[in-house]
Amino acid sequence: MKQEITVALVGNPNSGKTSLFNALTGLNQKVSNFPGTTVDKKTGYTRLNADTRAQIIDLPGTYSLYPKSADELVTYEILRNKAETDFPDLVLFIADASNLKRNLLLLTQVADLGVPVILALNMTDIAERRGVFYDVQLLSDALQVPVVPINARQRKGIAEIKAHLLNEQNYSKHTYYSLSGVNEQLLNEVCEITDKRNTYAALQYAINASVLLNTKARQIRTCFEKYAFDTRGFQEKEILARYHIIDEAVRKSRREKANSKLKSITAQADKILTHRIWGIAIFLGLLFLVFQAIFSWSTYPMDWVEKGFLVSSQWVEDTLPAGVLNDLLVHGILAGLSGVMVFLPQIIILFAFIAILEDVGYMARVGFIMDRIMRPFGMNGKSVVPLISGMACAVPSIMASRSIENKKERLITILVIPLMSCSARLPVYTLLIAMLVPEEAEWGPFNLHGIVMMLMYLVGFGAALFSAFLFKQFIKSETKNYFMMELPGYKLPLAGNILITLFDKGKAFVWGAGKIIVAVSVILWALASFGPRDDMRAVEAKYLQMSMDAGSGKTAEELATMKDAEKLEVSYAGVFGKWIEPVIKPLGFDWKIGIALITSLAAREVFVGTMSTIYSVGGDIEDLNNIRAKMGSEFDNQTGKPKYSLATVWSLMIFYAFALQCMSTISVVQTETRSWKWASIQFVYMTALAYLSSLAVFHLFS
Amino acid sequence: MKLSELQFGQTAVVSEVLGEDLSLKLFEMGLLPGEEVALENIAPFGDPIAIRVGEYKMCLRLQDAENIEIKLN
């Protein structure tokens, strides 16, 4: 036996695949992308004995090898191509014993591709509670496949699986479905075109290629037309024939105990959780709880992260010799890292909620409850979770939209997610709302500050729905859209599964969004630190002079912050800010805001830091009151009115609500849609929406 | 009778699935002629519906349920 074997873990959604993967590999797993796709590839290692280890690849759950979504396509792509580096030596097929027939359909298809298969029979406990028992030996004889009963969530049967993986002689090579009804000449031709010897694999590839993949599609279609081959009819016949074979095997090995048709917990729970009134009330209640968690519980860990970065930047600034390198480290790299890490608590908390509700089985119900509402907007029930996640960060949320089968519905969901108010907008809103209403102001029993904040979230959500409706009219759909989903039985959440999901999501955010935020932060640092040489020199000279004049009455520290502000004004960022001023003037913005708009491209919250530099608020940049006071006390030279009038502040808030000022989002949309086209359309659309809305709001209030 | 007309408490057997794209997906999910179905839940806004198919529970939209012919038991 080889020292390392590759095992693909395959099964239906909700069959316990993730639990088995975690049980086999523990934390010894890593996530990468399948080549040429954006779909997560989870691989891990498990030791079988002293000499042999197995590389386990977790393939996305699917019902058949005729893929319907981007996720499912990956499973098919890995299993179809023997030349693929990830092509497994063996498929470990996991099936839900409480729903065996449907689960086995995929097993027979996988086996017919010529890959050896072992069957892990999961959830036998649930089946037994319903009075259904399987005789493992009879099932194994009937299917001609080794069968191992397991309980993935309780980690039972793992040692037996490993023993089977080592036993190479025992791998099944049995095939199930015969193509005897299909024209032989057609099969020969298909084998030739697809360059495959296994006729079933060849025909299946040809069918998928004719609708999904681009390569050879035309050639295959011509061939199908020549023999008047009805692919749909064939697929239907194939599936029904497979069920027929499965029925036999199941009947032989299945024993039912006297009627134990107790009302299941799931049925009882769904009566309430999908109830006309209670169902919606509980959903809204959970949503409220999630917001509560994001906004109030997360403030403590966020404070720690911020303090930690303040202390470490201070340390670096004081320890390293002053100069460009010091500046780059503190104001470029550390500032960027801090901007990423500070949002990690909110993102972890939100995804913890989602992971728990997903593991329990509730998230499928959210889709079920909300589907009707999402439909007029060109989305479906499965769009709800990505949209809610969008309130933490658009990057992992856009990745989460992969489960949506229909391309159009998925695309619309991706396009509107960035309109949901993400956590990076929160500090911007907090600063701006404080300029509109005093923090203590009350309106009846409510805090006015909180009401305006909620209004901004609703504005974002409303814009997302409106835009979805708009996109729905313009995006063509190639396939019919349907919404079909298993509603799995409720289970107690497993801490291990949730922690591993959180780790993955956290990593996706820190790496996916983080690397771009840090890179842009460094570029923006350069733009803000350097400028046309003569101007920068003039500022340096002026402050050198002032520091020598004892009579200025200012401390060295005050002079330093004033110098920073003036340097920013003459830097390249300042030059850009002034350059775009004519464009943003109609919105009520001046060049100072222009600078902040540009620096916000790293991440929106950079607005606050930039404003504090421009208004030379030294020291703790988090001292919002200081910035607010400085901004509020600025007056327009021409009109004599406050610069930050009601109109300007509202206009600015609307601009931040709608504009796509996030390079990480642009990048993730490009990789997910595999085209710059949609990333550009989204950027242009959101910029136009922001500009026009701000213009309208500015004129409304002034 | 159509699946969309099934009432709570009734069980029926699927006799035919119309519509090509739909039938394939439904077959793969185990909803095929001969399977027993029962209505389990209706979403708060009246659509989609959750049904028991064989041994598990799935949901689908009414517009798709209209394409599924059933016979009451």
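This is a predicted model: local features need pLDDT of at least 70, side-chain atom pairs count only at pLDDT 80 or more; totals for chains, interfaces and linings use all residues.
1. Residues are numbered from 1 along each chain as its sequence is written, chains are lettered from A in the order in which they are written, and side-chain values use heavy atoms, with hydrogens and water left out.

2. Helix 30 (residues 663–673) of chain A is mostly covered, with 8 of its 11 residues buried, where buried means under 20% relative accessible area (1.4 Å probe, protein chains only). Among these buried residues are A:I666, A:V668 and A:V669, and the cover over them includes helix 22 (495–529) and helix 31 (676–701) of chain A, contact being heavy atoms within 4.5 Å.

3. The largest nonpolar core has 113 residues, of which A:F607, A:M611 and A:M653 touch the most other members; such a core is a set of buried Ala, Val, Leu, Ile, Met, Phe, Trp, Tyr and Cys residues joined through side-chain atoms within 4.5 Å. Its largest share, 11 residues, is supplied by helix 15 (residues 344–360) of chain A. Apart from this core lies another, of 87 residues, including A:A95, A:Y177, B:V17 and B:L60.

4. Leaving aside residues up to four places away in sequence, A:M611 touches A:K592, A:I593, A:A596, A:I627, A:M631 and A:Y644.

Definitions and conventions: Buried means under 20% relative accessible area, exposed over 50%, partly exposed in between (1.4 Å probe, protein chains only). Helices (H or I, at least four residues) and strands (E, at least two) are DSSP runs, numbered from the N terminus.
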